[in-house]
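Me: I have a structure open and a few things to ask about it. Can we go through it bit by bit?

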Amino acid sequence: MTATNHTASGILIGTLLPLPLAIPLALASHFVLDAIPHYTDDELNKDPKKFMKYLIIDCGMAASLLIATIVLVPGGWFGLVLCGILAASPDLMWLPYWLKSQEVNKKEYTNIFEKFHHKIQWSETKKGLIIEAILFPLILATISTQLW
């Protein structure tokens with residue numbers, strides 16, 4: 001799942017639930033979303049320049065959501081931004097693997113968290129972009145109905 005959709009889902013959870021409860025559920029939402037078929041492109045993953053462009057665009061969109069939340073929800077942005085960041089944060093664990101994949105010797109997943117996170121992503125295809133493209137406006141519409 002894209003960082004954009006993870007972030008938007010975390011913000012949505014923050015709008016629907018009180019803050020103490022929303023925090024662990026925003027984090028858990030990451031794994032729920034990763035279990036849904038979603039986008040990946042093996043060619044993109046093999047080309048570091050294309051992957052970096054994709055990553056910059058995706059992270060830029062996620063950051064824009066966080067900034068928009070700060071601007072549009074001046075009184076309650078902190079919890080929403082926290083939930084958005086937590087919902088996307090488990091993907092930070094992939095960075096060392098991607099860096100290592102650019103080398104000859106690839107690292108294996110060593111701990112139970114890494115193995116679990118890898119295993120639940122059972123369907124990553126180019127067609128997964130359709131699901132992500134449908135999911136994003138639905139999440140944004142739901143957030144907007146909750147906030148305004």
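Me: Where does Ile 85 sit?
Reply: Ile 85 is in helix H5, which covers residues 77-88. This is a predicted model, so everything here is computed from it.

Me: Moving on to H2. Which helix residues does H2 span, and where is Ala 28?
Reply: Helix H2 is residues 19-34, and Ala 28 lies in it. Ala 28 is partly exposed, at a relative accessible area of 35%. From Ala 28 to Lys 126 the C-alpha distance is 24 Å, and the two are 98 residues apart in sequence.

Me: What about Leu 21?
Reply: Leu 21 is in helix H2. Leu 21 comes out as partly exposed because its relative accessibility is 45%. Leu 21 and Lys 46 are 25 residues apart in sequence, and their C-alpha atoms are 39 Å apart.

Me: Ile 23, then: which helix, and how accessible?
Reply: Ile 23 is found in helix H2 and has a relative accessible area of 29%, so it is partly exposed. The C-alpha atoms of Ile 23 and Gly 10 are separated by 8.5 Å, and these residues are 13 apart along the chain.

Me: Switching to H4. How many residues does it have, and what length does it reach?
Reply: Helix H4 runs over residues 48-72, which is 25 residues. From first C-alpha to last it reaches 35 Å, close to the 36 Å expected at 1.5 Å a residue.

Me: What happens at the start of H4?
Reply: A side-chain oxygen of Asp 47 comes to within 3.1 Å of the backbone nitrogen of Lys 49.

Me: Which residues of H4 are buried?
Reply: Phe 51, Asp 58, Ala 62, Leu 65, Leu 66 and Thr 69 are buried there.

Me: Pockets next. What lines the second largest pocket?
Reply: The lining is Thr 2, Thr 4, Asn 5, Tyr 39, Tyr 54, Ile 57, Asp 58, Met 61, Leu 129, Glu 132, Ala 133 and Phe 136. The elements giving two or more residues to that lining are helix H1 (3-16), H4 and helix H8 (128-147). Asp 58 turns up in this lining and is also one of the buried residues in H4.

Me: How much space is in the second largest pocket?
Reply: About 210 Å³.

Me: And how do the lining residues divide by type?
Reply: The lining of the second largest pocket has seven nonpolar, three polar and two charged residues.

Me: Last topic, cysteines. How many disulfides?
Reply: The count comes to zero disulfides. Cys 59 is in no disulfide, and the nearest cysteine sulfur, that of Cys 83, is 19 Å away. For Cys 83 the nearest cysteine sulfur is that of Cys 59, and Cys 83 is in no disulfide either.

Terms used. Residues numbered from 1 in each chain as written. Predicted model: local features only at pLDDT ≥ 70, side-chain atom pairs only at ≥ 80, totals over all residues. Heavy atoms only, no water. Helix = DSSP H or I, 4+ residues; strand = E, 2+ residues; numbered from the N terminus. Expected span 1.5 Å × (residues − 1). Buried < 20%, exposed > 50% of the residue type's maximum accessible area, 1.4 Å probe, protein only. Polar contact = N/O pair within 3.5 Å; in protein donor to acceptor, adjacent residues only side chain to side chain. 1 Å grid on protein atoms, 1.4 Å probe; cavity = no way out; pocket = protein on both sides within 12 Å on 5 of 7 lines; lining within 4 Å. Points joined across faces, edges and corners; volume = space filled by probe spheres on them. Nonpolar A, V, L, I, M, F, W, Y, C, P; charged D, E, K, R; others polar. Disulfide = S-S within 2.5 Å.
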